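Let's take a walk through a protein model together.

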Amino acid sequence: MARISLYIKVSIIRFFQTIGRYCDLYLSTPYPQRPSFSRTIASTVGSVPGKFKLLFYTPPGYHIRSKAEFYPVLVNFHGGGYTIGHAADDARWASEVVKRTGGMVVSVDYRLAPGYPFPTGIEDCVSAVLYLWKHADELNLDTSRTAFSGFSAGGNFCYTAAIRLHEELKQLTANEIIRKHEVGKLVSTVAFYPAVDMTKSRAERNASNPNMKPIINPVFLKLFSGAYFSPDQDTHSPLLSPGVAPDQLLKDALPDDNVMITCWGDGLLKEGEDFRERLRGLGKRVDGYTVPEVPHGWDKWPSYGKGDVKRDEAYKSAAESLKEFWS
């Protein structure tokens, strides 16, 4: 009975979140680019079979199988507490990346909890990367310039998918399942207000920031975590809490060049900034900054024609760093 109640609550939240997405994308300016095409692919990582969709945002002049040019690829993971959200949520970010870098963005519509709890979403993201690498010639992708991006839960996936990809590649190469030319290179992550430390309670996270601006009902937050992983799950797992993962794993699995955008009024601010400094201490570059006076997820709120200067500045800054990393 409790499980049925959970599904009903999640379905209601998804309905209203979908309305919010349409208001953001189609009642707010600038209007984002729409996906050029999509593909539905099978999950190949983990033990939960199924399919999910990829949305492709391509630069002007792109023609599949043209062989005229190969494009760097940003694999994007949307937010939504692992439970709601859609690959189209980040269309405005994808548009900025395409415009400023000339690269391609592929947004992953990974399967959601509670129907597909931890770690299925992460493994779908890894399946997407391996699919893109395998079909690079067909899709005109320069996989030696692969990057990840994500928002909130998707920001967590920037790091956890990189760790899971690292593990999967070791197994695939050891068993000679994947060929050398099918292995690309992860050169960057771009994480917006990521969740990186699930070992702390939501109350502890909120208390860590005196400027905390609550925008999400605590009932929903409890619902999201309860849908994603069970109470007996070890939250120290690197696939849940990359912020407390071993140094050597972070050195090996994460790229040298990264971007992190955090929010001044966010309960996740401290863990994000702590992780930024930890990565820098490991010799990695982490561009980005804390956006002043904004709460978690501020960039997804509809502006109804007014625009959002802080959002545009953050997207521009992150995209310009990504362009440098791809050069």
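**A helix and its neighbours**

The buried residues of helix H9 pack against helices H5 (153–174), H6 (202–207) and H8 (247–253), and also against strands E7 (257–263), E8 (285–287) and E9 (290–291). Before going on, some ground rules: this is a predicted model, where local features need pLDDT of at least 70 and side-chain atom pairs count only at pLDDT 80 or more, while totals for chains, interfaces and linings use all residues. Residues are numbered from 1 along each chain as its sequence is written, and side-chain values use heavy atoms, with hydrogens and water left out.

The names come from DSSP runs: helices (H or I, at least four residues) and strands (E, at least two), numbered from the N terminus. Packing here rests on contact, meaning heavy atoms within 4.5 Å. Buried means under 20% relative accessible area, exposed means over 50%, and partly exposed is in between (1.4 Å probe, protein chains only).

So which residues of H9 are buried? They are Leu269, Glu271, Gly272, Phe275, Arg276 and Leu279. An α-helix has 3.6 residues a turn, so residues three or four places apart point the same way.

H9 covers residues 269–281, which makes 13 residues, and reaches 18 Å from its first C-alpha to its last, close to the 18 Å expected. That expected span is 1.5 Å times one less than the number of residues. After H9 comes Gly283, with a positive phi near 90°.

Now jump back to helix H3 (residues 120–134). Because 14 of its 15 residues are buried, H3 is largely enclosed by the rest of the structure.

Most residues other than glycine have a negative phi, and most peptide bonds are trans. The loop between strand E4 (104–109) and H3 holds Pro114, and the peptide bond from Ala113 to Pro114 is cis, with omega near 5°. Pro119 is found in the loop between E4 and H3 too, and a cis bond with omega about 5° joins Phe118 to Pro119.

Asn140 isn't a glycine, yet its phi is positive, about 65°. You'll find Asn140 in the loop between helix H4 (136–139) and strand E5 (141–151). Is Asn140 buried or exposed? Its relative accessible area is 0%, so Asn140 is buried.

Glu293 also has a positive phi, near 60°, and sits in the loop between E9 and helix H10 (309–326). At 46% relative accessibility, Glu293 counts as partly exposed.
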